[in-house]
Amino acid sequence: PNAISYSCIIDAWSKSGQNGSSKRALQVLKRMKTLEKQGYTECAPTIVTLNLVLSALVCDRTESAENIEKFMTYVVRLYCKGKHNWLQSDVAYTFSIMINAYSKLSSQQAIEKCEQVLERMQSLGIKPTPEVYNSIINVYAETGASNGGELAEDLLRTMIKGEVNPDICTYNSILKCWVKSSDNDKAYRSYKLLSEARKVNRAFDRKDLLIAYNSLLNSCANSTKSGAYDAFQIALDAYKDVQNSCSVNADHITYATFLKVCGIFIDDDNERSVIVRKVFKRCCEDGQVSNIVLRALHASSREDEYCRLLEGAFKKGCVSMNEIPLEWTCNVPVSNNKTRFLSSAAKSLSHS
């Protein structure tokens, strides 16, 4: 056995999900150090090994934050001694793992810890990688910081100024921050960010581009009418972009989110009904009718119209996915389609 063999064992413990797995990982590391002292240099722990141990500590729910930070400090001290020929990118990944651990903290604590990590990296002369920046932005998104959008975009400008190229993951993470932001104009800020991302990354992966558009729609759905920009118009433009694009196809989340936007921002019943019918018809044609689409349809429609659109799908006062035509649901992942969806109108009709 060599360092690679032992590292694979540590990686397995890291991914096991078992309580106490970090202690097993540390035992393997201790064994590697013992073998190294005995002259088996091929068993000497590498920075990759140490990063896997750190990941095991972070993934173990029973491990304390204090122990995780102690091990992180131990790795940094080894790097500072300069005895190991470690790549800066591998050491930067060490910091990235630590940053991900901070997403479990409260919003303000996590933000402060992330700032400390960046300062520590700069003091050590380690250039943050895109993964490090993405990890910090993910912390902003995961903790739901009310000013997360602004913080994330500030970090984006820091990346660009430092000649660190943001990738599509960077932009998608910032879009998630805007969804949870309290900014009244987050729909417009999300729209501007997506436009910038498309200019910078022309060769978008279909999946990543769809995530970006769905996040933009979600920002619109979580906006208020008090913003300086029209959230509904932004959502409508985004929805049309997806429908007219050769680069991305709408999924059930796209349809459900846009239906939610319609229900929130269109006050006129007749106008809303016309748009909702068109959107739901297209959704059916694309085979994207899911449980969340039905919920959004129910929330954005009058009860009688909802029943007409789903006529024949009611069974014992509920919408049964089994009664909906297969071609309406054929492109939705199975896990997103439950067999029943309650409707108060349908229930009352079934008893009349």
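**Helix packing and cysteines in a predicted model**

Student: Is the crossing in which α4 passes α5 left-handed or right-handed?

Tutor: The model is predicted, with local features needing pLDDT of at least 70 and side-chain atom pairs pLDDT 80 or more, whereas totals for chains, interfaces and linings use all residues. Residues are numbered from 1 along each chain as its sequence is written, and side-chain values use heavy atoms, without hydrogens and water. With helices taken as DSSP runs (H or I, at least four residues), α4 passes α5 in a crossing that is left-handed.

Student: How are α4 and α5 oriented to each other?

Tutor: The axes, lines fitted to C-alpha atoms with N-to-C angles from 0 to 180 degrees, come within 11 Å for α4 (residues 65-81) and α5 (residues 88-101), and cross at roughly 165°. Since angles over 145 degrees count as roughly antiparallel, the two helices, α4 and α5, are therefore roughly antiparallel.

Student: How many residues of the contact of α4 with α5 are nonpolar?

Tutor: Contact (heavy atoms within 4.5 Å) involves residues including Ile68, Met72 and Tyr79 of α4 and Val91, Phe95 and Met98 of α5. Of the contact residues, 2 are polar and 1 is charged, while the nonpolar ones number 8.

Student: Which cysteine has the sulfur nearest to that of cysteine 114?

Tutor: A disulfide requires cysteine sulfur atoms within 2.5 Å, and by this rule the count is 0. Cysteine 114, which counts as buried (under 20% relative accessible area) at 1% relative accessibility, is in no disulfide, and the nearest cysteine sulfur, 11 Å away, belongs to cysteine 177.

How values were computed:
Angles under 35 degrees count as roughly parallel, over 145 as roughly antiparallel, 65 to 115 as roughly perpendicular and the rest as oblique. A crossing is left-handed if the near helix is turned anticlockwise from the far one by less than a right angle, and right-handed if clockwise. Ala, Val, Leu, Ile, Met, Phe, Trp, Tyr, Cys and Pro count as nonpolar, Asp, Glu, Lys and Arg as charged, and the others, Gly among them, as polar. Buried means under 20% relative accessible area, exposed over 50%, partly exposed in between (1.4 Å probe, protein chains only).
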